[in-house]
Amino acid sequence: MLGIFIAHLVFALLMVGMLLSVIAYLILLERKTAAWMQDRLGPNRVGPKGLLQPLADGVKFILKEEFVPANADRILFLLAPIVIITPALCGFAVIPWGGVLGAGAHLPGWLGGWTFPKNFSVMVANPRIGVLFVIAMASLSVYGVVLAGWASGSKYSFLGGLRATAQMISYEIPLVLSLLSVAVVAGTLRLGAITDSQASYFSTVFFLPAWNIFIQPAAFLLFVTCIFAEANRAPFDLVECEQELVGGYHTEYSSMKFALFFLAEYAAMITGAAVAVALFLGGWHLPWIDQLIYPGAPGQPLVTGWGGVILKFVVFWAKVMLFIFFYMWVRWTLPRFRFDQLMNLAWRTLIPLSLGTFLLAALFVYLRREGAIEHRGWLLLGNVALLAGTVAMNQLWPGESTNRRLPVFNSRYQSAAGVLRPN
Amino acid sequence: MDRVRRPAAGGTVRGILGTGATMNNWLLAATAVGAISLYLMLPHGRRRMSQFGALLGVLALGGGFVELGLWLSHGPLAAAVAPAGIFFYVFAAIALASAVGVVCHPRPIYCALYFVLVTLSVAALLILLLAEFMAVVLIVIYAGAILVTYVFVIMLASPGGGIPAADYDRVSADPLLAVLVSFVFLGMILQRLFGGPMDGFMLARAPLASGHAAAAGSFAGLAALGANLYAHYALPLELAGILLTISLVGAVMISRKHEPVVRILGAADVPAE
């Protein structure tokens, strides 16, 4: 029992170390991707192909001056980076990185050759409420942004903080509802169990792996939109948009305190990507060739030895990296929303759509329990119909357009009273 | 009150104090001292008084904790409480201290943040009771939604950036009345919990007394919780849902923009020069 506890602890330390170094290189990846998309070279001076750039960045961050503005609230100003990085790093604890290591596996001889007395889930913790834990940590991450904005004593930071609060509260609702739709179909809140439930194939549609992205595409779309908004990434980065707010909530921060905001943003990105992979993209499941790797189709051995665990770990991280590339791709593809568009998208489109997805999921879970129907194919059909219906509604609904032309006369854009008054 | 069921631990403290104090009187005394210390700590603008109050409060709390710890470790719940160990005391102390912060801090934004701390430590206490679902839901709803809105409103209402807080924030309005009412209420609850026929923590007892394994099956089990909620409390649940929907619609109605009254500018609006 103690041995397993220590194994989880060691794994936690390993993951935090791995994470922080991955984040450093993600920043390089982001810059290289940006350069690639804009037909530039990107950082290429430090080391071969610019590969040592993250080290140079780190040294630069440490050597910069720590500056606290004169009219900042000192305590909260120092507290905000801590508050933002802590939940961002906590979310990792419940991600199932590599399936389950079977009992009886040995550590290599140079590590003491200790034998695992029972099955070891390759994750830091496996609570019954895994999905809810992720949601709780995501909901706490807004405090760092709000505090940074308020405590800086600067109007740009303050406006950034205000926008962040409104945005994160609004997008949390469809986020939670889309996660619930998945959890209801899987019948559990453990992320590991939800991943395991995806390691099979549709029985109606051939060769389509039973990943949740194929079972509930609408929920996946909602989830992706919402984690983009929760991570304050483009096209939802109004919180820190340079043209209006200088740097948004972290305008006044410098040196390592600014670096912590940066780290938190990337940590939130990785958490979001990892949750998306675990819940929607099949986790460690490698489709089609899995039957060659794990003999004994169709059900795969969920509990494996070292080889299986390492393979699953690699597959999981490969998917996470692809998803993170998707983040960066979107950033350089879509323009930023306007604030009213942002709010309308959340409240008028995403929330009704997520309620519909949740109702569909509940309906088919009920039907699956009543009679033996294949819920996967029906859920896929229902989700596609829902998405099509939303698009159609958007076209046909007689709503006011937010981009309508406003007459200047008598509107708030009129330059001065009486000047434009017709006689 | 039957003194027979009273655990022996009270006797230890009684021995130290050299009085005939029972568990009840000890707790009531701690409540009274706590009330005085809270009164002193509430913002009057006198710094020394509040430091003295803090010291007194720590003493009262410490006394209460010692008594509670001895009572628990020797009492009928000893076996059930043991796994929680030191964590219970740590998180309970954080919760109480930050609860004092909520009412005593002169700057509203700090009060709200202390409230977040209270929520987090109470969530930790719930996890110790193996009620993870309750704990996480508490964090999501209170810390993640309601208190964020508080912070939002406070940020809009109170100036940041080195401007001192307003008078009504720095000095509490009716400290004596508030302390009296709240602590008389607290004393009444304590009297009921420890002095009445229910003797002890009825809430804590339900999952703990039956052992952790049973608690895991009944209290924290998500499926069991849902089944219980819909089987036995379906009507209250639906009513709460309807109430929330109504308030949602109401909020939309209140915040809806009304079409501005278009006023055609007349000659009177043009400044005569």
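Me: What does A:Ser141 touch, not counting residues up to four places away in sequence?
Reply: In this predicted model, A:Ser141 touches A:Ile84, A:Pro87 and A:Met168.

Me: And where does A:Ser141 lie in chain A?
Reply: A:Ser141 is in a loop, with helix H4 (130–140) on one side and helix H5 (142–151) on the other.

Me: Is A:Ser141 buried or exposed?
Reply: A:Ser141 counts as buried, because its relative accessibility is 16% and the cut-off for buried is under 20%.

Me: Switching to rings. How many aromatic pairs are there over all chains?
Reply: The structure holds 22 aromatic pairs over all chains.
One of them joins A:Trp97 and A:Phe316.

Me: How are the rings of A:Trp97 and A:Phe316 arranged?
Reply: Their centres are 5.4 Å apart and their planes stand at 70°, so the pair is edge-to-face.

Me: Which parts of chain A does that pair tie together?
Reply: A:Trp97 is in the loop between helix H3 (74–90) and strand S1 (100–101), while A:Phe316 is in helix H13 (residues 306–331), so the pair links parts 219 residues apart in sequence.

Me: Are A:Trp97 and A:Phe316 buried or exposed?
Reply: Both A:Trp97 and A:Phe316 are buried.

Me: Which residues form an aromatic cluster?
Reply: One cluster is formed by A:Trp36, A:Phe228, A:Phe323, A:Phe325, A:Phe326, A:Tyr327 and A:Trp329.

Me: What sits over the ring of A:Trp284?
Reply: The charged end of A:Lys312 does, 4.0 Å from the ring centre.

Me: Now the surface. Which residues make the nonpolar patch of about 610 Å²?
Reply: That patch is made by A:Leu2, A:Phe5, A:Ile6, A:Leu9, A:Val10 and A:Leu14.

Me: Take A:Leu2. Where does it lie?
Reply: A:Leu2 belongs to helix H1 of chain A, residues 2–37.

Me: Why does A:Leu2 count as exposed?
Reply: A:Leu2 is exposed because its relative accessible area is 61%, and exposed means over 50%.

Me: Chain B next. How many helices and strands does chain B have?
Reply: Chain B has 13 helices and zero strands.
Along the sequence, its pattern reads α-α-α-α-α-α-α-α-α-α-α-α-α.

Me: What share of the residues of chain B count as buried?
Reply: Chain B has 273 residues, and 33% of them count as buried.

Me: What about contacts between residues 24 or more positions apart in chain B?
Reply: Among the contacts in chain B with a separation of 6 or more, 63% come from residues 24 or more positions apart.

Notes: Residues numbered from 1 in each chain as written. Chains lettered and ligands numbered in written order. Predicted model: local features only at pLDDT ≥ 70, side-chain atom pairs only at ≥ 80, totals over all residues. Heavy atoms only, no water. Patch = residues over 30% accessible without salt bridge, like charges linked within 9 Å, V, L, I, M, F, W, Y side chains within 5 Å. Areas by Shrake-Rupley, 256 points an atom, 1.4 Å probe, with all protein chains shown as cover. Salt bridge = Lys/Arg side-chain N within 4 Å of Asp/Glu carboxyl O. Helix = DSSP H or I, 4+ residues; strand = E, 2+ residues; numbered from the N terminus. Buried < 20%, exposed > 50% of the residue type's maximum accessible area, 1.4 Å probe, protein only. Phe/Tyr/Trp six-rings, centres within 6.5 Å; stacked < 30°, edge-to-face > 60°. Lys NZ or Arg CZ within 6 Å of the ring centre and 35° of its normal. Contact = heavy atoms within 4.5 Å.
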